[in-house]
Amino acid sequence: MSNQRRYTKTHEWVTVDGKNVTVGITDFAQSQLGDVVFLELPSPGRKLAVRESFGVIESVKAASDLYSPVAGRVTAVNDKLTSKPELINSDPYGDGWILKVELTGDLPGDMLDEAEYKKVAEAGAQ
Amino acid sequence: MTEPLSFELSRRSASAPRLPEADVTAPEPSQVLAQDQLRANPPDMPRLSEPELMRHYSRLASMNYSISEQFYPLGSCTMKYNPVVNEVAAALPGFADLHPYQDEDTVQGALELMWRLERALCAVVGVERVTLQPAAGAHGEWTALRMISAYHHSRGDNRTEVLVPDSAHGTNPASAALSGFHVVEVKSGPDGRISLADLESKLSPHVAALMLTNPNTLGLFEREILDIAEMVHATGALLYYDGANLNAFMGICRPGDMGFDAVHMNLHKTFTTPHGGGGPGAGPVGVKADLVPFLPTPTGERTNGHLKLDFKRPKSIGRVRSFYGNFGMLVRAYAYIVAMGGDGLTQASRDAVLSANYLRKQVEGDLEMPHEGPCMHEFVASAHNLAPHGVRALDIAKALLDRDFYAPTVYFPLVVPEAIMVEPTETESKATLDAFAAAIKEIVAEARSNPQALHDAPRNLPVGRLDEVAAARRINAYLQGLSDDPVLRWKPAPK
Amino acid sequence: MPYLVHSDEDRASMLAAIGVQAMDDLLTDIPASLRIKALELPVGLSEHETMSQIASLAARNRVFPDRLTFRGGGVYRRFIPAAVAAVTSKPEFYTAYTPYQPEASQGTLQAIFEFQTLIAELTSLDVANASLYDGATAVAEAAMMAHVHTGRNEIVVAGYLHPEYVEVLRAFSDGRGIKVRKGTEPGPKTAAVIFQQPDFLGLLVDARTLTESAHAAGSLAIACVDPISLAILAPPGQYGADIAVGEGQQLGLSPSYGGPHVGFISCRKELVRRLPGRLIGTAYDKEGRRGFNLALAAREQHIRREKATSNICTNHSLCALAASVYMTYMGPDGLRQVAEVGFKRAHFLAELLAALPGWEPAFPDRQFLNEFPMRVANGPAVVRKLARKGILGPLDVHRWFRELKGILTFTCTEVNDPRALDELVAALSS
């Protein structure tokens, strides 16, 4: 896991490059969901608030809402996920990225670092 | 064995069945209707002779498990015997051939049957009136919540929340949301029963209702139900009963007496109407006096022995389906109640509780029991103890199929990991229960010695475990326009 | 007692195995104040006495012969082949549970997969679901789909949609803050325009224009259709509708005083993820054998919980099976024959009625299939007179529509033989 990644309690991750933020879901989240079969995602241009539900991720047995970890404007959506949603399972931090967002303001103060998120994941796994 | 689809058996040359000719002087549709109104291409439907058709469906039937042949210990489903005489009753022409728009004077028998069924259900659950309109359990649940919503609005009260236990069936929050409510979960305590402390913290003037099933989805009676009812009513909220588990205590106690204001029932569970492979059922809802004005329209009324339908109900939530209810299923349930009587229904529940406790005892050495007994009419075990062998509840379920049992409910309630919910019902013999317990023992032993055998189960059925992920991906590909295989229907081969 | 299997010896033995003295020891969780002594119900009866009671209730109903039934309004007397009951009365079908364990439910799953395909073909749309409760709830569910899909809050009902379907639509809409408006012009808030073809009076509407006008406003077009009519009439897919719904009672189900019947819904593939209820699809096992399975379950209430589009978790499986058998028995040619016979007999009857003094077609410029409105003075008296002669006469639609005073709708199907039509006319003339 990269040191630059930050996490939410709802199992999203972000990496930051200036004002551009890439968003995905964590390895723990994808393992809980099982094989991803479909995503419902917003279009570029959509404005998001922190913790706003922006889409749905579906496996055969479960469907989870996706919550925006940041406030901003969607600049890109990973089109590859339309035909290959399984990328989220195989490469959740790389090719399985979900959104790119142009940040409004700062990152929320309560985002977790690597170690803090690891605790959350471990607690969830019990 | 496999059986082709009717579409695959179809032959273009097969002739149509012989049907009456019109034998009147009249134009053809094409002579009267505009070209644009007419169907351009005939539908691609199969052509089968009657012998081929009957063979086809008989072979399909042989690929099904059913309660007529196998034990179905499905928790919260009450798969009890479907009395065959009820089929005879429902098929009587005096019921089957009635048009719903016949004059009320010509259907007094039907209206009387519905009236008597309503009275009987009121007696069983302890309410004032019952609507027989809802076509299914989930439908009834939604109907009840709409009445609860209408009740609060009529008092000028805008309550936006419904409380649902974390152990509840998924329909509870879905129905609540579809009735315009925001759903708030209430935690269960360590014994699986609803936490009064958490309930207290979540009750407020915003809460319209608490939805509960009793016994709960773990098969345990909510001992503090009277306190719960008092707490809920003290804040002006109502108490809704999910009748999935009513088979636990007919003639022993009544939801109405516990303080429930709306009592939902499933005729296809407690009252033996057959499941039909997934319907039709019926989900009547009983109500206390405060909710009576909001009942769906029409209600049945009886004055001096004469029955009529009352459409003048200004506060009613309206209609929840066409006509009056799944009448054919109401006939079956009524026949069951008449045959059983109050004494029979009471004994049924007593035997259901006895059988569940007996079966629980027989398997408690093999599976984990997350909660202490006694249970009511069902119990929840867990396959968690087999995790070290890589065996899950699903494997147990599939292995049972191979041994000619239908599997219990698995992965529900969500609060128990690797849950296996077992409800034997009162219509299974002790010998059957013993055979099931023996099968569990055998499977658990196999889990320890040869878990792969369980992962490969079922092997004795027309198909093995189906790859649902691949299927979902194929559907996805079709919906994205990347594939021609629609998956959700047969399609003719491209020419 | 009927249907109970334990003897007193069994009960004693089971109590001993559990380790308690008496049944009451298993009921200790129930507060004493809640215990009741007995249910306030009569004691149970023998099968003979039960059936006597039931049969006497049935005998208090008047059954009109199907050949002398001319009343429709959403429920119709049809020829039901013996094959239908022969299949649906197989215990493997009617006592089976919901197919959650697909390996043990391939019979039901395949039969309903065939139903889905038949409905999709008949309506000429991409995908149909495994059935719904009835036509009314199907209309309401389609409206909810449109609301979720477009994000808009208004449903426009164009023309004479079955009044009970409108009531149910309103009941569903009230719970979700959706407005139902009667009209023909959709607007920017309109999620869908719903119309019935043929309409409640039996008359044909201009489905194509209604569909196009819906699309022009960015709304969906929902067609509520008669399944047998689709053997002759343009199906919803042909004129571009987005969703087709309807009542399948005519496909092999008895009137049964209004239920159980069966609703159907089909749609364009873009809307498939919004479909409520069950969907069955193909799936393969490790050996490559084709089976059938519940598909896209993640849409359903037990997974989405409060985010589900609908709370429906069943279909009317046995009724869908009956419809499947009926449609397979008929085949495309049989279905067309059934539709054409009804068409011709109805048009013949309409001529006979129009020739009677005091009778005229209510909407002479409109076309119909096998249900049609006639205008006559004192409709209720006419209907009562027919009933006295053993005929279930036309439907007085004034009951629902104030503007339709004096209008009665007649239905003709293949069970109304030509002599029956003569008897009807003779009864009206006397």
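**View 1. Chain C of the predicted model contains twelve helices and 13 strands.** Helices (H or I, at least four residues) and strands (E, at least two) are DSSP runs, numbered from the N terminus. The model is predicted, so that local features need pLDDT of at least 70 and side-chain atom pairs count only at pLDDT 80 or more, while totals for chains, interfaces and linings use all residues. Residues are numbered from 1 along each chain as its sequence is written, and chains are lettered from A and ligands numbered from 1 in the order in which they are written. Taken along the principal axes, the C-alpha atoms of chain C fill a box of roughly 85 × 55 × 50 Å.

**View 2. Chain C touches chain B through 165 residues, which are in contact with 170 residues of chain B.** Two residues are in contact if their C-beta atoms, placed from the backbone, lie within 7 Å. Helix 10 (residues 317-354) of chain C supplies the largest share of this side of chain C, 22 residues.

**View 3. Helix 13 (residues 393-402) of chain B is mostly covered, with eight of its ten residues buried.** A residue is buried if 20 or more other C-beta atoms, placed from the backbone, lie within 10 Å of its own. The buried residues are A393(B), D395(B), I396(B), A397(B), K398(B), A399(B), L400(B) and L401(B), and what covers them includes strand 11 (409-410), strand 12 (419-422), helix 14 (430-449) and helix 15 (451-455) of chain B. Helix 13 of chain B is followed by D404(B), whose phi is positive, near 70°.

Definitions and conventions: Buried ≥ 20, exposed ≤ 12 C-beta atoms within 10 Å, placed from the backbone.
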